[in-house]
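Subject: Structure for you to look at

Dear colleague,

Here is the structure I said I would pass on. My notes on it follow below the view.

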Amino acid sequence: MSDTTTQTKPIVMVVDDDFLATKAVVQLLERQGYTMVSAGSGPECLRILAEGLTPDVLVLDVKMPEMSGLDVCRTIRSDARLGEMPIILLTGCDDIETRAAGMKLGVSEFLCKPFAHHELLVRIRAQLDARRIGRELDSVVNRL
């Protein structure tokens, strides 16, 4: 697992079947100092994760062929190694049913497509900060 409390760069995985959208997000986040991994489908994402990658944050599109983002999320949440990984789900702003399903699956954040790049950056940073604080609290509790 990547450790965001040291000097290593956080790993962000982007999963979207839109190649150009993925490329733009990857380039943006690389410029911000993140280590980037991308997948063009749900099955590809799960294959990469099964090989041992544990991203610090997953940015996951909902509407993809073969396997929806919700199906990917459901599979990830059933894996003890990945179950607590923050997931930012890319949805349509008016898609209340998808948001409700995502909340039941423990999605950390929702971002409406199309989204402003600065909003994605803020949400990723918030998820990384929350994980760091959680780890620090766990460390304090374990010392008690």
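Leaving out residues up to four places away in sequence, Glu-109 touches Ile-87, Ile-88, Leu-89, Arg-123, Ala-126 and Gln-127, where contact means heavy atoms within 4.5 Å. Before going further: this is a predicted model, in which local features need pLDDT of at least 70 and side-chain atom pairs count only at pLDDT 80 or more, while totals for chains, interfaces and linings use all residues. Residues are numbered from 1 along each chain as its sequence is written, and side-chain values use heavy atoms, with hydrogens and water left out.

Glu-109 is found in strand E5. Helices (H or I, at least four residues) and strands (E, at least two) are DSSP runs, numbered from the N terminus. Glu-109 has a relative accessible area of 18% and is therefore buried; buried means under 20% relative accessible area, exposed over 50%, and partly exposed in between, with a 1.4 Å probe and protein chains only.

Axes here are lines fitted to C-alpha atoms, for helices over the stretch in contact, and angles run from 0 to 180 degrees between N-to-C directions.

Strand E1 (residues 11-15) has five of its five residues buried, so it is largely enclosed by the rest of the structure. Ile-11, Met-13 and Val-15 point one way from E1, and Val-12 and Val-14 point the other way. In general, side chains in a regular strand alternate between the two faces of the sheet.

The pairings of E1 and E3 are these:

- E1 runs parallel to E2 (residues 35-39) and is joined to it by five bridges; Val-15 has Ala-39 in E2 as its bridge partner.
- E1 also pairs in the parallel sense with E3 (residues 57-61), over four bridges; Val-12 has Val-57 in E3 as its bridge partner.
- E3 pairs with E4 (residues 87-91) in the parallel sense, again over four bridges; Leu-60 stands opposite Leu-89 in E4.

**The helices**

E1, helix H1 (residues 19-31) and E2 make a right-handed β-α-β unit. A crossover is right-handed if, with the strands pointing away from the viewer, the path from the first strand over the helix to the second runs clockwise.

H1 packs against helix H5 (residues 117-143) at an angle of about 60°, with the axes 11 Å apart. H1 and H5 are therefore oblique to each other; angles under 35 degrees count as roughly parallel, over 145 as roughly antiparallel, 65 to 115 as roughly perpendicular and the rest as oblique. Val-25, Leu-28 and Leu-29 of H1 make the contact with His-117, Leu-120, Leu-121 and Ile-124 of H5.

The axes of H2 and helix H3 (residues 69-77) come within 9 Å and cross at roughly 20°, and the two helices are therefore roughly parallel to each other. On the H2 side the contact is made by Gly-42, Cys-45, Leu-46 and Leu-49, and on the H3 side by Val-72, Thr-75 and Ile-76.

Ala-24 is in H1 and is partly exposed, with a relative accessible area of 32%. Its C-alpha atom is separated by 13 Å from that of His-118, which is 94 residues away along the chain.

**Two backbone points**

Most residues other than glycine have a negative phi, and most peptide bonds are trans. Which peptide bond is cis? The one from Lys-113 to Pro-114 is, with omega near -5°, and Pro-114 lies in the loop between E5 and H5. Glu-66, in the loop between E3 and H3, has a positive phi, near 75°. Glu-66 is exposed, with a relative accessible area of 70%.

Regards

How values were computed:
Two strands pair if DSSP finds at least two bridges between them.
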